[in-house]
Each structure stands twice: as C-alpha cells, then as structure tokens.
Protein chains: 2
Amino acid sequence: MDIKSKIGIRIKELREQKDMSQKDLSFFSNIDRSYIASVENGQRNISIVNIEKVSIALGISLKEFFNNDKFDNDSRSC
Amino acid sequence: MDIKSKIGIRIKELREQKDMSQKDLSFFSNIDRSYIASVENGQRNISIVNIEKVSIALGISLKEFFNNDKFDNDSRSC
C-alpha cells in the first residue's frame, strides 16, 4: 500500500474514533472538505503543514499520528 | 518553532547520525540536493511522499522518524 493510502486510512480511523465527520474535521482544521475526502481516499500527496493541521484538529500530536503499525517498516501486518 | 523547521532539524540530525552528506541523502532519496538543503533550513513544506523517500534513504521508518520530542505536544523541551 502506498504512503498516500496509509495516510488516508490513518486520518479516517482517527476521525471516526473521535466521532467526527469530514465536515467537522474540515471545520476544525480549516482545510476544505473535498480536499480531506481526497486525502482519505489516498489520492493526495498531503504536505507536512496540512498533516499538522489535521493532527491538531484531531487532538493528537504528530508523534501519536505516526505511532501506528502502518508506518513501521518492521510491521508484518500488511 | 514551526513544523517546517522541526522537520528540517530532524532530517539534519538523522542524516548526521548516519554520517551522510546532503549529497549522499540526495543520491539515496533521489531528491535534488538543493531541495534537501532548503527543507533542512525550514524553508519547504515537504510532502509525505518526499518525507517517506528521505526516511527510506536514512534507513528508518516513518514511525521512527516522528518518534521524537519535537513532534510530541506534551514535550516541554521547546
């Protein structure tokens, strides 16, 4: 799975854990909802500034955002 | 400190830990050396695809790349 897809899945799973809609995440991150939808679908090469905005809106640090098996080369889960 | 500067410092510290020059990192990541220099200087909003290329060239996972106090909101180190 490519990194754009991994990022999209991670944002979606965190957003759903927080019971937020794409519209909520758009509001709190000040990022367009259609852009968030395309990132979640793995279609966008999101920048670090926007990943930080999303993380802040989700209430987690970047360290926590990337603290996941998807981002660990040693993982055998994929 | 803004996220672009934090990313730049992190790349530089990891690169120096590995005894790599900017030219080495450029070669192994297939990213232009002048682009790497400007990222290290906090001047570029690097994308996740390029962060992954840099991490692979540095021999670490994205999880390890972000596993640092700079990316932890709870840190008092800054």
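## Symmetry of the two chains

Chain B is superposed on chain A by a rotation of 180 degrees with 0.0 Å of shift along its axis, at an RMSD of 0.0 Å; the superposition is by least squares on the C-alpha atoms of residues with pLDDT of at least 70 in both copies. The two copies are thus related as by a two-fold rotation axis. In chain B, the C-alpha of Ser47(B) is the one nearest this axis, 2.0 Å from it. Of the interface residues of chain B, 100% are also interface residues in chain A, so the copies meet through the same surface.

This is a predicted model, in which local features need pLDDT of at least 70 and side-chain atom pairs count only at pLDDT 80 or more, while totals for chains, interfaces and linings use all residues. Residues are numbered from 1 along each chain as its sequence is written, chains are lettered from A and ligands numbered from 1 in the order in which they are written, and side-chain values use heavy atoms, with hydrogens and water left out.

## Helix packing between the chains

Helix H1 (residues 3–17) of chain A packs against helix H4 (residues 48–58) of chain B at an angle of about 115 degrees, with the axes 9 Å apart. Helices (H or I, at least four residues) and strands (E, at least two) are DSSP runs, numbered from the N terminus. Axes are lines fitted to C-alpha atoms, for helices over the stretch in contact, and angles run from 0 to 180 degrees between N-to-C directions.

On the side of H1(A), the contact (heavy atoms within 4.5 Å) is made by Ile3(A), Lys4(A) and Ile7(A), and on the side of H4(B) by Ile48(B), Val49(B) and Glu52(B). By class, 4 of these residues are nonpolar, none is polar and 2 are charged. In this classification Ala, Val, Leu, Ile, Met, Phe, Trp, Tyr, Cys and Pro count as nonpolar, Asp, Glu, Lys and Arg as charged, and the others, Gly among them, as polar.

An unreviewed UniProt entry carries the annotation "domain: HTH cro/C1-type" for residues 11–65 of chain A; UniProt positions are given in the numbering used here, feature names are shortened, and annotations may be inferred rather than shown by experiment. Over residues 11–65, chain A is 69% helix and 0% strand, and the end C-alpha atoms are 8 Å apart.

H2(A) and H3(A) pack at an angle of about 115 degrees, with their axes 9 Å apart, and their crossing is right-handed. In H2(A), Gln22(A), Lys23(A), Leu25(A), Ser26(A) and Ser29(A) meet Arg33(A), Ile36(A), Ala37(A) and Glu40(A) of H3(A). The contact of H2(A) with H3(A) has 3 nonpolar, 3 polar and 3 charged residues.

## Asn30 in the H2–H3 loop

Most residues other than glycine have a negative phi. Asn30(A), although not a glycine, has a positive phi of about 60 degrees. Asn30(A) is found in the loop between helix H2 (22–29) and helix H3 (33–40) of chain A, and is exposed, with a relative accessible area of 68%. Buried means under 20% relative accessible area, exposed over 50%, and partly exposed in between (1.4 Å probe, protein chains only).

In chain B, Asn30(B) has a positive phi near 60 degrees. Asn30(B) lies in the loop between H2 and H3 of chain B and is exposed, with a relative accessible area of 68%.

## Buried polar and charged side chains

Arg15(A) lies in helix H1 of chain A and is buried, with a relative accessible area of 7%. Leaving aside neighbours within four places in sequence, Arg15(A) is in contact with Met20(A), Ser21(A), Gln22(A), Leu25(A), Glu40(A) and Leu58(A). Arg15(A) and Leu25(A) are 10 residues apart in sequence and 7.4 Å apart in space, C-alpha to C-alpha.

In chain B, Ser38(B) is placed in helix H3 and is buried, with a relative accessible area of 10%. Beyond four places in sequence, Ser38(B) is in contact with Gln43(B) and Arg44(B). Ser55(B), in helix H4 of chain B, is buried at a relative accessible area of 1%. Not counting residues up to four places away in sequence, Ser55(B) touches Ile60(B), Ser61(B), Leu62(B) and Phe65(B). The buried residues of H4(B) include Ile48(B), Asn50(B), Ile51(B) and Ser55(B). Just after H4(B), Gly59(B) takes a positive phi of about 80 degrees.

Terms used. A crossing is left-handed if the near helix is turned anticlockwise from the far one by less than a right angle, and right-handed if clockwise.
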